[in-house]
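Dear colleague,

Please find below the structure that I am handing over to you. My notes on what was found in it follow directly after.

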Amino acid sequence: MSTTEQTSTRRRQRHVVCGVDELAPGSTRLHAVGHRQIVVGHVPGHGYVALSNYCAHQGGPLSAGSFEAMWTAEKVGERIQDPDRWVLICPYHNFEIDAATGCPVARLGTARTATYRVAVEADEIVVYV
Ligand code: FES
């Protein structure tokens, strides 16, 4: 089912992806909207994200990737994970994409992975494209 949402710049269609009980924490689901391939993911403890399925590096399928808390460090040799920032790791070359923004953690040219608004409505996960 789809409905239309008016934003300040353009109309977006509402698309039901699945029920909330069908997407376990840490898992992803591929959802097609027309020619777009969208990966919807359940970030453990942080809700849902929706990104383009194509990695900005060489087009790897992010729906086959995995979530991980972002590694951060203040000093060389430190290994600390930030529980509030998560990345989706591309299965092709292990580049990390910030799950919230679609921005690459390591520089992948100037490309950013497209993100989409995602919401939970009446126990369904929906994306607006
Ligand atoms: S295609 Fe994703 S890291 Fe290379």
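A disulfide is a pair of cysteine sulfur atoms within 2.5 Å. Please note that the model is a predicted one. With that cut-off, a search of the whole structure finds zero disulfides.

Cys103 counts as partly exposed, because its relative accessibility is 32%. Cys90, at 2% relative accessibility, counts as buried, since buried means under 20%.

I turn next to the nonpolar cores. The largest one has 13 residues, and within it Leu62 and Phe67 touch the most other members. Two or more residues of this core come from each of strand S4 (36-43), strand S5 (47-52), strand S6 (66-72) and strand S7 (80-89). Another core lies apart from this one; it has 12 residues, including Leu23, Val40, Tyr116 and Ile125.

Which residues does Leu62 contact, once its neighbours within four places in sequence are left aside? They are Val39, Ser52, Asn53, Tyr54, Cys55, Leu88, Cys90, Ile97 and Thr113.

Leaving aside neighbours within four places in sequence, Ile38 is in contact with Arg29, Leu30, His31, Val33, Ala50, Leu51, Asn53, Tyr116 and Val129. Between Ile38 and Ala114 there are 76 residues in sequence, counted as their separation, while their C-alpha atoms are 9.2 Å apart in space.

Some charged residues also deserve a look. Arg14 belongs to strand S2 (residues 11-19). Is Arg14 buried or exposed? At 10% relative accessibility, Arg14 counts as buried, because the limit for buried is under 20%. The side chain of Arg14 makes a polar contact with the side chain of Glu121, at 2.6 Å.

Two other arginines are placed over aromatic rings. The charged end of Arg79 sits over the ring of Trp71, 4.5 Å from the ring centre. Arg117 lies over the face of Tyr128, and here the distance to the ring centre is 4.1 Å.

Yours sincerely,
A colleague

Notes: Residues numbered from 1 in each chain as written. Predicted model: local features only at pLDDT ≥ 70, side-chain atom pairs only at ≥ 80, totals over all residues. Heavy atoms only, no water. Core = buried A, V, L, I, M, F, W, Y, C linked by side-chain atoms within 4.5 Å. Buried < 20%, exposed > 50% of the residue type's maximum accessible area, 1.4 Å probe, protein only. Helix = DSSP H or I, 4+ residues; strand = E, 2+ residues; numbered from the N terminus. Contact = heavy atoms within 4.5 Å. Polar contact = N/O pair within 3.5 Å; in protein donor to acceptor, adjacent residues only side chain to side chain. Lys NZ or Arg CZ within 6 Å of the ring centre and 35° of its normal.
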